[in-house]
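Here is a short report on pockets and surface. Look at the model first.

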Amino acid sequence: MEKLQQLFISVEAARNSLLDSCEALNISQAHFKSDPETWSIAEIIEHLVWAENGGISGMWLAIEGLKTNQPAWTGAAILRL
């Protein structure tokens, strides 16, 4: 459990660092796009929020699937660490 707690602390520190780096921006700066094909800072942060939420939800579904012997996916693993 200590490793999990360390991971939570690391994620929280990264999130806080990102938000601290954007704190001084005004609304125009946050939404500025250097060209139509790039994302603004606001879009990047929104993407990170959705990705974090989706990642957490997906992990909990996978954990619950393992607990109930109903895995969230089957077949060969694509990635091996």
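Which residues make a nonpolar surface patch of about 460 Å²? Met1, Leu4, Leu7 and Phe8 do. This is a predicted model: local features need pLDDT of at least 70, side-chain atom pairs count only at pLDDT 80 or more, and totals for chains, interfaces and linings use all residues. Residues are numbered from 1 along each chain as its sequence is written, and side-chain values use heavy atoms, without hydrogens and water.

Patch residues have over 30% relative accessible area and no salt bridge, with nonpolar side chains joined within 5 Å. Phe8 is found in helix 1. Phe8 counts as partly exposed because its relative accessibility is 48% (the class runs between under 20%, buried, and over 50%, exposed, with a 1.4 Å probe).

**Pockets**

A pocket is an open set of points on a 1 Å grid with protein on both sides within 12 Å along at least five of seven lines; lining residues have an atom within 4 Å of a point.

| Pocket | Volume |
|---|---|
| Largest | about 360 Å³ |

The largest pocket is lined by Leu4, Leu7, Phe8, Val11, Arg15, Glu52, Ile56, Met59, Trp60 and Ile63. Helix 1 (2-22) and helix 3 (41-67) are the elements that each give two or more residues to this lining. Eight of the lining residues are nonpolar, none polar and two charged.

Around the second largest pocket stand Val11, Ala14, Arg15, Leu18, Leu19, Ile45, Leu48, Val49 and Glu52. Helix 1 and helix 3 again give two or more residues. Helix 1 gives the most, with five.

Notes: 1 Å grid on protein atoms, 1.4 Å probe; cavity = no way out; pocket = protein on both sides within 12 Å on 5 of 7 lines; lining within 4 Å. Points joined across faces, edges and corners; volume = space filled by probe spheres on them. Helix = DSSP H or I, 4+ residues; strand = E, 2+ residues; numbered from the N terminus. Nonpolar A, V, L, I, M, F, W, Y, C, P; charged D, E, K, R; others polar. Patch = residues over 30% accessible without salt bridge, like charges linked within 9 Å, V, L, I, M, F, W, Y side chains within 5 Å. Areas by Shrake-Rupley, 256 points an atom, 1.4 Å probe, with all protein chains shown as cover. Salt bridge = Lys/Arg side-chain N within 4 Å of Asp/Glu carboxyl O.
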